[in-house]
Amino acid sequence: MLEIKIRNVKEEDFIDIMHFATNCAPIPLERDSIYHDLTRYFATTCFIAEKEGKMAGFILGWISQVNNTIAYIHNICVDPDLRRKKIGIDLYNRFIEDVRDKGVKKIFLIINPGNKASLNFFQGQDFKISKEGEEIVIKGDRAVKDYNGPGQHMIVMYKEM
Ligand SMILES: CC(C)(COP(=O)(O)OP(=O)(O)OC[C@H]1O[C@@H](n2cnc3c(N)ncnc32)[C@H](O)[C@@H]1OP(=O)(O)O)[C@@H](O)C(=O)NCCC(=O)NCCS
């Protein structure tokens, strides 16, 4: 039986998260300071999974500052050697429980077209594809054209809670 502990991040976790994130393709790497900012200022909605005291995954997200009934999952990543063991689901559930308790009613996230694992993961959690902006079909996926700037088309997903 896989013993996984989920806990809120602490500020000093940012260096471990930074190294861990190199195994999270296709999620792009952030500037190091972004991981630090998230663990320092958004620790209440960021979690890590640990197996025997070692990081096995993380989920980083926040509640919108302009509408506190909306949350955003910035990224979620599980150790490639530990995937398909429900660690992603455990992290996701912890995030959901936390933001629901804080009054969140809707969650957004974005996915790179072609990231079938992630698409399947979130569709399995009842996320729907959001229709906004101009649609473009890439690798069979419906994405929002230029969502993150020219040529950076993203699948935008949401879930009502
Ligand atoms: C997406 C990710 C976090 C899933 O983590 P995980 O711990 O492996 O996922 P789980 O074991 O909790 O999977 C739950 C369900 O999601 C779906 N799923 C997960 N990985 C999948 C894959 N590679 N292919 C298809 N479906 C997948 C399945 O329905 C799975 O249930 P099942 O194993 O009973 O079939 C992981 O693949 C990852 O870290 N990917 C790289 C980073 C990334 O793309 N993050 C998402 C960007 S927002």
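Me: Which residues are closest to the ligand, and how many surround it?
Reply: In this predicted model, 23 residues surround the ligand. The closest of them are Arg83, Gly88, Ile89, Ala117 and Asn120.

Me: Which elements give two or more residues to that shell?
Reply: They are the strands β4 (70-78) and β5 (106-111), together with the helices α3 (87-101) and α4 (116-123). The largest share comes from α4, which supplies five residues.

Me: How do the shell residues divide into nonpolar, polar and charged?
Reply: Twelve are nonpolar, six are polar and five are charged.

Me: What is Leu119 in contact with, leaving aside its neighbours in sequence?
Reply: Once the neighbours within four places in sequence are set aside, Leu119 is in contact with Ile111, Asp141 and Ile155. As for Ile129, ten residues from Leu119 along the chain, the C-alpha atoms of the two are separated by 9.6 Å.

Me: New topic: the sheet. What is the order of its strands?
Reply: The sheet is open and has seven strands, in the order β1-β2-β3-β4-β5-β9-β6. Its pairing is mixed.

Me: Which strands stand at the edges?
Reply: β1 (4-8) and β6 (128-129) stand there. Each has a single partner strand, so one side of each is left without a neighbour in the sheet.

Me: How many bridges join β2 to β3?
Reply: Six bridges join these two strands, which run antiparallel. Within this pairing, Glu50 has Met55 in β3 as its bridge partner. The hairpin of β2 and β3 has two residues between the strands, and Glu52 takes a positive phi near 50° in that hairpin.

Me: And over how many bridges do β3 and β4 pair?
Reply: β3 and β4 pair over seven bridges, in the antiparallel sense. Here the bridge partner of Trp62 is Tyr72 in β4, while Ile63 stands opposite Ala71 in β4. A hairpin joins β3 to β4 through six residues.

Me: Let us turn to α2. Which of its residues are buried?
Reply: In helix α2 (residues 32-41), the buried residues are Tyr35, Leu38 and Thr39. Seen down the axis of α2, they fall within an arc of 90°, so they line one face of the helix.

Me: What do those buried residues pack against?
Reply: The buried residues of α2 pack against α1 (14-20), β2 (46-51) and β3 (54-63). The face turned away from the buried side of α2 carries the exposed residues Ser33 and Tyr41.

Me: Which residues does the cis peptide bond join, and what is omega?
Reply: The cis bond joins Ala25 and Pro26, with omega about 10°. Pro26 lies in the loop between α1 and α2.

Me: On phi, then: what value does Asp126 have?
Reply: Phi of Asp126 is near 70°, which is positive in a residue other than glycine. Asp126 is found in the loop between α4 and β6. It is exposed, because 9 other C-beta atoms lie within 10 Å.

Me: And Asp146, where is its place and what is its phi?
Reply: Asp146 is in the loop between β8 (141-144) and β9 (155-160). Its phi is near 55°, a positive value in a residue other than glycine. Asp146 is partly exposed, with 14 other C-beta atoms within 10 Å.

Terms used
Residues are numbered from 1 along each chain as its sequence is written. This is a predicted model: local features need pLDDT of at least 70, side-chain atom pairs count only at pLDDT 80 or more; totals for chains, interfaces and linings use all residues. A residue is near a molecule or strand if its C-beta atom, placed from the backbone, lies within 6 Å of it. Helices (H or I, at least four residues) and strands (E, at least two) are DSSP runs, numbered from the N terminus. Ala, Val, Leu, Ile, Met, Phe, Trp, Tyr, Cys and Pro count as nonpolar, Asp, Glu, Lys and Arg as charged, and the others, Gly among them, as polar. A residue is buried if 20 or more other C-beta atoms lie within 10 Å of its own, exposed if 12 or fewer, and partly exposed in between; C-beta atoms are placed from the backbone. The arc is that of the directions from the helix axis to the C-beta atoms. Two residues are in contact if their C-beta atoms, placed from the backbone, lie within 7 Å. Two strands pair if DSSP finds at least two bridges between them.
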